[in-house]
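The sequence and the model come next, followed by notes grouped by topic.

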Amino acid sequence: MIRIVTLAPLDDGDLAFLTKTLYQAFGLGTEHAGDRKLPKEAEGAGGDYDAVKLLEEVDPVRTIADDKVLYVTAAPLSMKPSPLGEPPCWGYAQYGGQRAVVSTARMPARGATEASIEVFRRRLARECIHFVGHLWDLHHCYDPRCAMHPSWAPGLPADPDYGLDTFCREKSERRIRLAKT
Amino acid sequence: MKGPPARHPEEKKDEFPGLEGVIRAATELAPGDRVVYPNQGVCRVVGLEQKDIAGQRLELVRMTREEDGASVMVPMNKVASVGLRRVASADVMEGVFHYLGAIRDDPELDWKVRHRDNVERLIAGGVLGIAEVVKGLHSLSRLRPLPTKEREQYDNARHLLVNEVAASLGVPPGVAEDYIDYALDPPAGVKFQLKPPPKPFVLTIPLYRRKKPPVAAEGDLGLEDLGLDLKALGVAVPEGEEVEGEAPVEGAGAEAVEVTAAKPAKAAVRKPARKAARKAPARKAAKKPAARKAPARKKPAARKPAAKKPARGGKKK
């Protein structure tokens, strides 16, 4: 089961769209498991949160063995800089583990119009699929149409107009299916 | 099924290149050391143990793969030949990132050559070799979708690189993967201040290409080795080659031997082969009339087999 935990208020409609899309993508029951507070230990000097530390320090939710927990926050996330600089942090997942976090800070503004809300929802769902994919050992993919394509890559359109619940390869889906069994 | 021929006791074993951190003997290992086993990933040395295998008492180095905890055992006398190396240092890893961030040359388009090179890089090229495979196949994927086999190779190489970057820089694999993709596919408007990347390593002895005997030049049937007089037999020597100023057939063969012996690196071995392949049609065209002329002069029944037999022997040498 995929359990969504919100670290900031999220609209009910957005949450419903997210649970539906995650269910379509992974074939697993998805539910909202409650709200938690952002851990202060993970807060940096600039007001952003260290993504790795956040997952370590955040209050846990009750899970059964193979459950995956997805935290959704509005706070900007950061990570330790690489030798070439700090990559833009849209979220972080414990590779092959149980927890992932996604930030909406870099996503297009939700706005009030139907179109802008739709864009926001699709992007949120896409990023959530991406980071939950990492929880099943999936690496990034070079295909821009795949959900595992890096979030910041120039090939990725701002408004992804493709099936959100698809991976580019059967192998990826098979891997997820095997992991579930 | 016929396997590879047995190695002669005096034949030189494959040597792994002088990469930084390559482990030459089991005595260099201590329990708790982190090493990289080619094509397997980062392992932690558990210790030495003895086991009876097929009636022999073997001393083995036991390691645990960090990724999934699988046990890996290597006989002590084979530690040097399997290509074990220490996890790349932070300095080496920085060079790898500068390599990943640099502009990539055009990828090799011959898939057989590319695949073979990539297999060798993954085994013996160190962390930079793995990065070369990832970057090469990544840039190729921008031109066209990768075929299944190369896609698997790309996935494996990426997996190995992610794990080694994570182990080397002390970050979780999820972050390590972001680092790699940030270098390979930077966001729009981002430009790196790159240092000159390290030079890609060239293997001194290709692992999967045993030394082949030099192939005799096309016109050389090996008749002179048998003490036969070419002129008396009426075998025509192509004139075109002498006119162009190239070395005569014997000389060309000898030169080829020297080149392969002096520069056994892959580039040196392959280039003459490609050039020969390009020249082949032209040579054939030049020789056809000569070959037709030769039997027209005399047609002794015994000559044909006499000319063919040494040719086979000469090629198989």
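Leaving aside neighbours within four places in sequence, which residues is Val132(A) in contact with? They are Ile2(A), Leu22(A), Phe26(A), Lys68(A), Leu70(A) and Ala100(A), where contact means that the C-beta atoms, placed from the backbone, lie within 7 Å.

This is a predicted model, in which local features need pLDDT of at least 70, side-chain atom pairs count only at pLDDT 80 or more, and totals for chains, interfaces and linings use all residues. Residues are numbered from 1 along each chain as its sequence is written, while chains are lettered from A and ligands numbered from 1 in the order in which they are written.

**Confidence**
- The predictor gives the complex an ipTM of 0.90 and a pTM of 0.71.
- Chain A has a mean pLDDT (the predictor's confidence in each residue, from 0 to 100) of 86, with 88% of its residues at 70 or more.
- Within chain A, the lowest mean belongs to helix α4 (residues 170–180), at 65, and the highest to strand β7 (residues 99–103), at 95; helices (H or I, at least four residues) and strands (E, at least two) are DSSP runs, numbered from the N terminus.
- Chain B averages 70, and 55% of the residues score at least 70.
- In chain B, α6(B) has the highest mean, 93, and helix α9 (residues 249–262) the lowest, 36.
- Two stretches of chain B stay under 50 in pLDDT: residues 239–277, with 30 contacts beyond four places in sequence, and residues 282–317, with 28 such contacts.
- Where pLDDT is low, the predicted coordinates should not be read in detail.

**Contact between the chains**
- Chain B brings 25 residues to the contact and chain A 20 residues.
- On the side of chain B that touches chain A, α2 (90–101), α4 (126–143), α5 (148–169) and α6 (173–184) each supply at least two residues.
- The most come from α6(B), with 9 residues.
- That side of chain B divides into 13 nonpolar, 5 polar and 7 charged residues; Ala, Val, Leu, Ile, Met, Phe, Trp, Tyr, Cys and Pro count as nonpolar, Asp, Glu, Lys and Arg as charged, and the others, Gly among them, as polar.

**Helix α4 of chain B**
- α4(B) has 18 residues and reaches 27 Å from its first C-alpha to its last, close to the 26 Å expected at 1.5 Å a residue, the expected span being 1.5 Å times one less than the number of residues.
- Of its 18 residues, 14 are buried, meaning that 20 or more other C-beta atoms, placed from the backbone, lie within 10 Å of the residue's own.

Definitions and conventions
Buried ≥ 20, exposed ≤ 12 C-beta atoms within 10 Å, placed from the backbone.
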